[in-house]
Amino acid sequence: MEDFSRLLDELYFTNATSAKEKILANFLRSTPDPDRGWALAGIAGTLRFDLFKRNLSKSLILERMDEELFKLSYDYVGELSETIALAWQVSENPVLLNKLPGLTEVISEFQGRGKEGIRQYLVELLDNMTPPQRWALLKLGTRGLRIGMSARSVKRTLANMKSVELEVIEELWHGLEPPYESLFAWIDGKADIPDISNAIRYLPVMLAHPLDEEKDFERITPQTHIAEWKWDGIRVQIASNGDETRIFSRTGDDISGSFPDLVEAVDFHAIIDGELLVRKNGEIGSFNDLQQRLNKKKPSAKLMSELPVHFRAYDILSKNGESLRRLSLESRKEELTSLFENFDETTFSMSKPLAFSNIEDLKKMRQQAEQSNGLLEGLMIKDKSSSYVSGRPKHAWYKWKCDPYLLDAVLMYAQRGHGRRSSYYSDYTFGLWNDKGELLPIGKAYFGFTDEELKQIDNWIRKHKMKRFGPVQEVKKELVFEVAFDSAHNSTRHKSGYALRFPRIHRIRWDKPASEANVLADLEKLVHD
Amino acid sequence: MNKVNAITNNAENWMQVRRQGLYCVPAEAYIDPHEPVERAIITHGHADHARPGHGEVLATPQTQAIMKVRYPEDNPVRISLEYHQSHGLKNNINLWFAPAGHVLGSAQAVVEFDNHRLVVSGDYKRHDDPTCKPFEVVKCDTFVTEATFALPVFSHPKLEHEMSKVLRSLDAFPERAHLIGVYGLGKCQRVMKSLRNAGYQDPFYLHGALVGLTKLYEEFGQDFGQWIAATELKGKAREEMRGRIVLAPPSTLADRWSRSLPDMLPIMASGWMQIRARARQRRAEMALIVSDHADWNDLIRTVEETEASAVWITHGRTDALEYELRKRGIHAKALDLIGREEDSE
Ligand SMILES: [Zn+2]
């Protein structure tokens, strides 16, 4: 555990990616199995289970510390594990260890113990640790290690250790499980490359850059690019070997449990990439409808019949165990079409390229998307020749989102931010007037302004304080924000009965009197559920 | 207690928070004002406490000297008071300074009016500092305290522990110039002196911005051993900084000059280094937790030792300290002073 903590600190404080990779490689070479494999899993974020729940560490600290002071500390530090690591107070009669156990022992102890045992063990370890070691344990245990090293960088480290192309590791990676003994045996030259042909795996998705209207238009032609709708659902990957199927979120979380109807409908051996949506009364439902399904870990039969899942396929990554990622997008679309020939369109459909002959056509389509009541977020424009690369390669795919909606809303409450922003009021709740002349909150935003503007707003808030509710500071209803957002819907989250998607501060209207801000009726017009 | 005493005894009645800063009404004097005023009592030389342009400055001789270095054009009437030397102000106000342990010359301003004693501690710390006089507890009725590190997550380690990190790294990377980012007043000299005490014998290399105040410390009797003005070394001469310690202001950690140092290892020394994200912000590859302010336990301990019945909190994480002190039955309140940098050292 000491070695692991030291490794994390070194990685955390090293700036250059190449230097980080070197440090990790050295650690992996000099650490025995299975410790190195568990360390790798912690860093790459591939542990399948929490060692303990986040709530456990939180309840332990609250037993030792005043709740209000904990809140203030957490607010300031901005991160739970670090707050606990720093504020931990050693038990009155601690069990003192001569030496901290190794990583493998720690993991197997946690896995082998019941609830009370886990609790005791966690206290025992924290009592014997320095703050950086506590941080390492807490982050590892709740699978939240972020030390500025991407999954890609971890894979590149492994590729360099074996002197193979990154793609080789990329293909293997999600077919393997911690502690990766077969992988290291291969890297050490003691075994053949691991066989993963039947493993069900997630492959990191390919992402798009926002379209730069000034620079990118000239690259786009109907000969070289395709356009398709960008649907407002969630991006998922379906991976199936024909017998078993898993649904992964964009970040690789297994969300199969929430969508048994989709899992049931899959009978192909392939990995496909697409948008998860729901249908309502036979039509594609809004994001708000989808939200009801996303919130349920185990949906009822009733919910599934009211809001059945729908999958719109964008791309195909492998078919019958064979990778298609190096093919061109055009060829992959053909593969996808042939896979979906036999499907009826209730559960699966294909995202078909939209015909266009010039940029004007694309602009018209984007306007069409704006009229879609929020079903379409905009357009995707993709290079036909692009192979499927994990991450965000330049000039391969563009996303061209609809213009946001804008409303003038009045600042009502402010809260201090986290971390770097903890000395400033940087989280803002704003509202619109109802017909009785009352302000009702519609949303919260904490970005969209510059550092300089942040200081100005903070200064304004300090001079216009009213009541305080815990960390929430009420202010005089005098400052107007022009708020941008992607869509609006009915919600019980705010008193107004509305909520916004992706709200951000677009402009600060220092000049505008609060009485001239928008009214709730203006928002009502934009709602479509 | 008669009626007159009831009024004068309570510092609330003769101290005010004004736009320019904390003001003592009968003495007609501000304490650490952040705008030019007629009469200013200055606790120490840091820029957010000591500003130029005042008519009259009351401070320790060291603080006066620091202000002269910082603001050579400034020419107020200077009244220098040694620690514990009493000075009468208007309306029978008595002023004297007690050491605050923060930087050279740093003082707590002790203001006595009638039977009431008010102590404005400025910035202070209780941890070791070989470059200034240690903090002295002054029992008082009203204690004015900072709260820069007033959260239970702040517990500052021993200085030796942090210095040993640098010495270990010098052993491990003898080819790298170890650049430590430090503030010019206090931090720089404290780090140098502590490294000497820890056994570092090679010369220090000082960025030009740190030279003036370091010389001033030497004039007041401090000895840092051999140091060399680093910014004057050009070309090949820079090679001698390998395996040695270079000190420069934090802002230079990522600038062109520091990149020209041979195989530079960026290190940051500050009390904020305890918070990971803060340390990374500076792009430091090693973080030394060296604070010139009191940590959480020391703040509370100090307040309790003063036996003050009222505590005013000037700047920093005021809400946590206010909360904790009230819980302990001490009447505490935060003053909304403007002009203090929350993250200053
Ligand atoms: Zn200071």
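Ala100(B) sits in the loop of chain B that runs between β8 (93-99) and β9 (107-113). Strands here are DSSP runs of E with at least two residues, helices are runs of H or I with at least four, and both are numbered from the N terminus. This is a predicted model, so local features need pLDDT of at least 70 and side-chain atom pairs count only at pLDDT 80 or more, while totals for chains, interfaces and linings use all residues. Residues are numbered from 1 along each chain as its sequence is written, chains are lettered from A and ligands numbered from 1 in the order in which they are written, and side-chain values use heavy atoms, with hydrogens and water left out.

**Around Ala100(B)**

- Ala100(B) is buried, at a relative accessible area of 0%; buried means under 20%, exposed over 50%, and partly exposed in between, using a 1.4 Å probe and protein chains only.
- Setting aside neighbours within four places in sequence, Ala100(B) is in contact with Ser106(B), Ala107(B), Gln108(B), Ser121(B), Asp123(B), Tyr124(B), Lys125(B) and Phe135(B). Contact means heavy atoms within 4.5 Å.

**Chain B as a whole**

- Chain B has nine helices and 19 strands.
- Of its 345 residues, 62% are buried.
- For contacts in chain B with a separation of 6 or more, 59% come from residues 24 or more positions apart.
- Chain B exposes about 13,400 Å², and carbon and sulfur atoms supply 47% of that. Accessible areas come from the Shrake-Rupley method with a 1.4 Å probe, and for residues only the protein chains shown count as cover.

**Chain A as a whole**

- Chain A has 20 helices and 20 strands.
- Out of 529 residues in chain A, 55% count as buried.
- Among chain A contacts between residues at least 6 apart in sequence, 69% join residues at least 24 apart.
- The accessible surface of chain A is about 24,600 Å², with 47% belonging to carbon and sulfur atoms.

**A helix pair in chain A**

- Helix α3 (residues 35-44) and helix α7 (residues 103-112) of chain A pack at about 70°, with axes 8 Å apart. Axes are lines fitted to C-alpha atoms, for helices over the stretch in contact, and angles run from 0 to 180 degrees between N-to-C directions.
- α3(A) and α7(A) are therefore roughly perpendicular (65 to 115 degrees; under 35 is roughly parallel, over 145 roughly antiparallel, the rest oblique).
- Asp35(A), Trp38(A) and Ala39(A) of α3(A) meet Leu103(A), Thr104(A) and Ile107(A) of α7(A) in this contact.
- By class, the contact of α3(A) with α7(A) has four nonpolar, one polar and one charged residues. Nonpolar covers Ala, Val, Leu, Ile, Met, Phe, Trp, Tyr, Cys and Pro, charged covers Asp, Glu, Lys and Arg, and the others, Gly among them, are polar.
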